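Subject: Structure handover

Hello,

My notes come after it.

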Amino acid sequence: MISRSLQRALAAMTLGALTLVPIAANADNGGIGFWLPGTMGSLSAVPGQPGMSYTFQYIHLDSAAGGGKALQNNANIVAGLRAKADVGVFLPTYTFATPVLGGQLTIGAATVPGNIGVDINATLAGPRGNTVSGAAFDNRVTWGDVYYIGELKWNFGVNNFMTYVFGNVPSGTYDSTRLANISPGFVSVDTGAGYTYLNPKTGQEFSVVAGFSFNGTNSAVDYRNGIDFHADFAASQFIGKSVHTGLVGYVYQQVTGDSGTGAKLGDNKGTAIGIGPQIGFFFPAWQGYTGYLNLRGYADVYTENRPTSATFMATVSFSPTAPEQPTPRGPRHVK
């Protein structure tokens, strides 16, 4: 059973399980899809408390594609790709007290510094059709784009609903001549909806968030990623008053083909299914704030036209604590 104090803490963690980093992962040109699978986790649709919240996150990503799988990286067709990334995220958000369409509005923006390294065994075709062989390696410490998010959330007892819009503002750090990029090199908007079941009596929780990424054209290589569908899910059981543990996973499917003169592999529609464990901890922070630590990992169990990836995410969030409810008192009798 979840205590009343923990129920208030849960409501405070509006973005405690959120990731906002589409780093080099598993999709489209260069192994870069706008949405990083696993972005949304447990409690994603639970409304929070009004005020400022702060999320800090570390992400480690390891992607690999064997020499028999040809992928496109910018204008090159490459084989034997291996990419590793270590990225930090700082995401401040603000939740409004005044309802919007009967729900709770939260807005935020994230900045993303990090390190990425890309190693390939061979370049099969260069930008002008030249055949090139030999290994290559590129490593960068750089900044990603600025990412923004807006969310609306509603609560109806154990049922919670949300809708969101997520997009990027290019930072100018994308370089089409480099193998390693954190920025995708194009403007995208992702939108979708989610649901969280949270039962305080049993301590059971289930969340699912699904959406579509609509991608602009990478003008440097005349390549436009197709529309991508994604669904992130999480299920957990509370153990005691402040700890929950369970499973997380995702399904990622490109629903329309890539386009542009730079799309040398045609439609190149990709698929990925991943799953892994998670554990979360609530803890008291400074006055008026509740802390939350979430650790989760994903491993691809099926991929098509994409590298196979393993991802680890560590998230620490601080959000306003809900005010204590006064103890009900009976009527005072005056003699």
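The notes below go from the whole protein to single residues.

This is a predicted model, in which local features need pLDDT of at least 70, side-chain atom pairs count only at pLDDT 80 or more, and totals for chains, interfaces and linings use all residues. Residues are numbered from 1 along each chain as its sequence is written, and side-chain values use heavy atoms, with hydrogens and water left out.

Overall

The protein has one helix and 19 strands; these are DSSP runs numbered from the N terminus, with helices being H or I of at least four residues and strands being E of at least two. Of its 335 residues, 53% are buried, where buried means under 20% relative accessible area, exposed means over 50%, and partly exposed lies in between (1.4 Å probe, protein chains only). The exposed surface comes to about 14,000 Å², and carbon and sulfur atoms supply 63% of that area (Shrake-Rupley method with a 1.4 Å probe; for residues, only the protein chains shown count as cover). Among contacts (heavy atoms within 4.5 Å) with a separation of 6 or more, 68% are between residues 24 or more positions apart.

Salt bridges

Side chains of opposite charge can pair when their charged atoms come close. A salt bridge here is a side-chain nitrogen of Lys or Arg within 4 Å of a carboxyl oxygen of Asp or Glu, and the count by this rule is two.

One of them joins R178 to D138, with the closest N and O atoms 2.8 Å apart. This pair links distant parts of the chain, 40 residues apart: R178 lies in the loop between β10 (159-169) and β11 (188-199), and D138 lies in strand β8 (residues 136-143). R178 is partly exposed, at 27% relative accessible area, while D138 is buried at 11%.

K153 and E151 also form a salt bridge, at 3.5 Å from N to O. Both of these residues are buried.

Two further residues

T142 is in strand β8. It counts as buried because its relative accessibility is 10%. Leaving aside neighbours within four places in sequence, T142 contacts V112, P113, G114, T173 and I182.

V255 sits in the loop between β16 (243-254) and β17 (271-284). Its relative accessibility is 38%, so V255 counts as partly exposed. With neighbours within four places again left aside, V255 is in contact with I227, F229 and K269. The C-alpha atoms of V255 and G226 are separated by 6.9 Å, and these two residues are 29 residues apart along the chain.

Regards
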